[in-house]
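Subject: Structure handover: helix packing

Hello,

Here is the structure I promised. Please open it alongside this note, which goes through the helix packing.

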Amino acid sequence: MLNQFSRTQLVLGKAKMDRLRDSNILIFGIGGVGGYVVEGLARSGVGHFTLVDDDEVCLTNINRQILATIKTVGKYKVDVAEERIHDINLHAEVEKKKCFFLPENADDFHFEKYDYIVDCIDTVTGKLEIIERAKKVGVPVISCMGAGNKVDPSQLHVADIYETTMDPLAKVMRHELRKRNIKSLKVVYSTEKPLRPVDDMSISCRTHCICPPDAPHKCTERRDIPGSTSWVPSIAGLMMAGEIISDLTRDIPRA
């Protein structure tokens, strides 16, 4: 029967679409990269989502985050994401967790119940905890490295973490993963040398922070505030979505 996913089914086949419909995906971070992961998966017919993010949409998110518009500023990203998913697929199930993921609250998540785990957060401690727990229960995981201060999407690649070059975050992650005896990790990363943001205090969140007074994580507390574009995080997120779909359906005949 014709539906909103019929054009995808023409290239994947019904069995793969059924697999995507039944898949349960846990996504950490619904920002510049993670929002496009959600978009790509929702438009591909994935049927079950758990979204983890404690942040609200900020005016400065609009340049790069698909969930950010003038109308959504001040709303929780997971709430906006849920609404967008249901605008695409009314039958999709969405669980929301409005929290900042850290090792301290990792026991609140049952990693083993998911078919795929997606890491789109910025903190190294959180990323390592996600990866360790996913590896421990044998659930596939994909992680995004640095997308800030980049302008060339043609230099984005999918690779094992131990094959990455040029990416400062990937270098830190490689070092830490070796110490934890984690021998492989699929990542999206960039070979582009990061640019240094222009030192312009007139547009800096450091001196003009517009976070709400009760925001748990303010710009003024951040060690570094990267520049960003609309075209690098979006491509990284869609690349991750494509990898997830490919991995979930790899062993299923197309016909």
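Are helix 3 and helix 4 roughly parallel or roughly perpendicular to each other? One caution before the answer: this is a predicted model.

Helix 3 covers residues 34–42, and helix 4 covers residues 77–88. Their axes lie 10 Å apart. The packing angle is about 20°. Angles under 35 degrees count as roughly parallel, so helix 3 and helix 4 are roughly parallel to each other. The crossing of helix 3 past helix 4 is right-handed.

Now the residues. Helix 3 brings V38, E39 and A42 to the contact. Helix 4 answers with R84, I85 and I88. By class, the contact of helix 3 with helix 4 has 4 nonpolar and 2 charged residues, with no polar ones.

The other pair is helix 2 and helix 7. Helix 2 runs over residues 14–22, and helix 7 over residues 232–249. Their axes come within 9 Å. They cross at roughly 110°, which makes helix 2 roughly perpendicular to helix 7. Helix 2 also passes helix 7 in a right-handed crossing.

On the helix 2 side, the contact is made by K16, R19 and L20. On the helix 7 side, I245, L248 and T249 take part. The contact of helix 2 with helix 7 divides into 3 nonpolar residues, 1 polar and 2 charged.

Best wishes

Methods: Residues are numbered from 1 along each chain as its sequence is written. This is a predicted model: local features need pLDDT of at least 70, side-chain atom pairs count only at pLDDT 80 or more; totals for chains, interfaces and linings use all residues. Side-chain values use heavy atoms; hydrogens and water are left out. Axes are lines fitted to C-alpha atoms, for helices over the stretch in contact, and angles run from 0 to 180 degrees between N-to-C directions. Helices (H or I, at least four residues) and strands (E, at least two) are DSSP runs, numbered from the N terminus. Angles under 35 degrees count as roughly parallel, over 145 as roughly antiparallel, 65 to 115 as roughly perpendicular and the rest as oblique. A crossing is left-handed if the near helix is turned anticlockwise from the far one by less than a right angle, and right-handed if clockwise. Contact means heavy atoms within 4.5 Å. Ala, Val, Leu, Ile, Met, Phe, Trp, Tyr, Cys and Pro count as nonpolar, Asp, Glu, Lys and Arg as charged, and the others, Gly among them, as polar.
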